[in-house]
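Dear colleague,

I am handing over the structure below, and I would be glad if you kept it open beside this message while you read.

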Amino acid sequence: MKRLFILATAAIVALASCSKTQVVYTDAPEEIALKAVTGAMTKAPVTAVDQEDGMVVYASFSEEEDGTYAEYFSDIPFTYTTYWGGTPAQYWPNTGYLKFWGYAPNAFGTKNGNAETGVTIDGIDISSTQTDILYSLPGDAQACASKLTVPMNFNHALAQICVEAKVSEDAMTNVKVTGLEVVKPNLTGTLTIAPVETVWKAVWSGESAYSSNLPMTVTHADDLTTAAANLGTGLLVVPGSQQDLMVPYTVSGTETTKVVELDGTWDMGKKYVYTLSIGLNEITVTPSVTSWENDVVASGPLTPADVI
């Protein structure tokens with residue numbers, strides 16, 4: 001699924017006038033709507049089928065573009081019908097400026113905070129769901145009177161682990177990887193989206209190792225060759241210290257299990273590809289790190305199924 005997403009706010013009714021604590025409309029209020037598209041806007045809009053849990057959106061308001069922004073609305077679920085709309089519906093002011101940010105999916109963790117101070121989401125646990133978590137930081141101030149399309153860039157809050165395998169020499173035949181596990185990775189934690197010394201950031205804390213190993217479903221059933229083959233769907237982990245890989249494999253039907261030791265950290269929004277080279281007596285590993293921007297993952301809250 002596409003790694004970077006743009007949510008665009010679009011006006012869909014008429015004119016409005018408001019402040020945070022009191023709203024006085026001169027005409028019919030104009031609803032704030034969101035349109036979810038992929039990064040370059042070359043794909044079709046996301047449909048309700050792709051968006052089971054929706055997103056949570058926050059907005060802050062200032063009379064001046066460079067002024068002090070205060071809470072306009074907080075913790076509003078946005079779901080898709082013919083457009084992305086809030087529940088309850090939210091409306092554009094006639095004057096002033098808005099900034100938007102948020103996260104997806106809606107259905108995870110216990111949240112505390114508001115549009116002005118940021119939000120802390122406790123109790124995140126991806127051990128069973130393996131669902132991608134996205135966040136969007138406040139973008140440029142948007143003039144409320146213009147009600148133009150407003151981009152909201154979403155990024156990945158997790159790290160993705162992918163594994164490839166090959167044999168080290170042509171003489172090795174009948175070699176198959178029969179399973180793969182990440183040894184007790186971080187799968188729980190707290191995500192905070194808030195200003196840090198005036199700069200908005202997404203930060204993890206309280207990460208905790210899973211009580212068991214995290215298995216990968218190995219879909220590559222053929223014998224390995226000297227060309228690296230992807231073993232299966234990538235795994236999602238909470239950023240933190242890298243953990244070892246447990247690799248069971250067979251050589252001419254005889255099974256062996258080896259532990260591949262990893263070090264370093266898994267960082268937010270990165271995809272880690274480990275290429276295993278299986279020899280007669282050992283497995284060597286070649287790591288690489290890329291962004292998620294154009295990748296496919298098992299599950300993503302804001303991505304159409306046809307994105308590649």
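Y58, W101, Y103 and W200 are linked into a cluster by ring pairs. Please keep in mind that the model is a predicted one, and that it holds seven aromatic pairs in total.

One of these pairs is formed by Y58 and W101, whose rings are stacked, with 4.2 Å from centre to centre and 10° between the planes. Because Y58 belongs to strand β3 and W101 to strand β6, which covers residues 97–104, this pair ties together parts that stand 43 residues apart in sequence. Y58 is buried, since its relative accessible area is 1%, and W101 is buried as well, with a value of 0%.

Y58 also pairs with Y103, and here the ring centres are 6.4 Å apart while the planes meet at 35°, so this pair counts as tilted. Again distant parts of the chain are linked, as Y58 is in strand β3 and Y103 is in strand β6, 45 residues apart. Y103 has a relative accessibility of 0% and therefore counts as buried.

Is D66 buried or exposed? With a relative accessible area of 77%, D66 is exposed, because the word applies to residues over 50%.

Key
Residues numbered from 1 in each chain as written. Predicted model: local features only at pLDDT ≥ 70, side-chain atom pairs only at ≥ 80, totals over all residues. Heavy atoms only, no water. Buried < 20%, exposed > 50% of the residue type's maximum accessible area, 1.4 Å probe, protein only. Phe/Tyr/Trp six-rings, centres within 6.5 Å; stacked < 30°, edge-to-face > 60°. Helix = DSSP H or I, 4+ residues; strand = E, 2+ residues; numbered from the N terminus.
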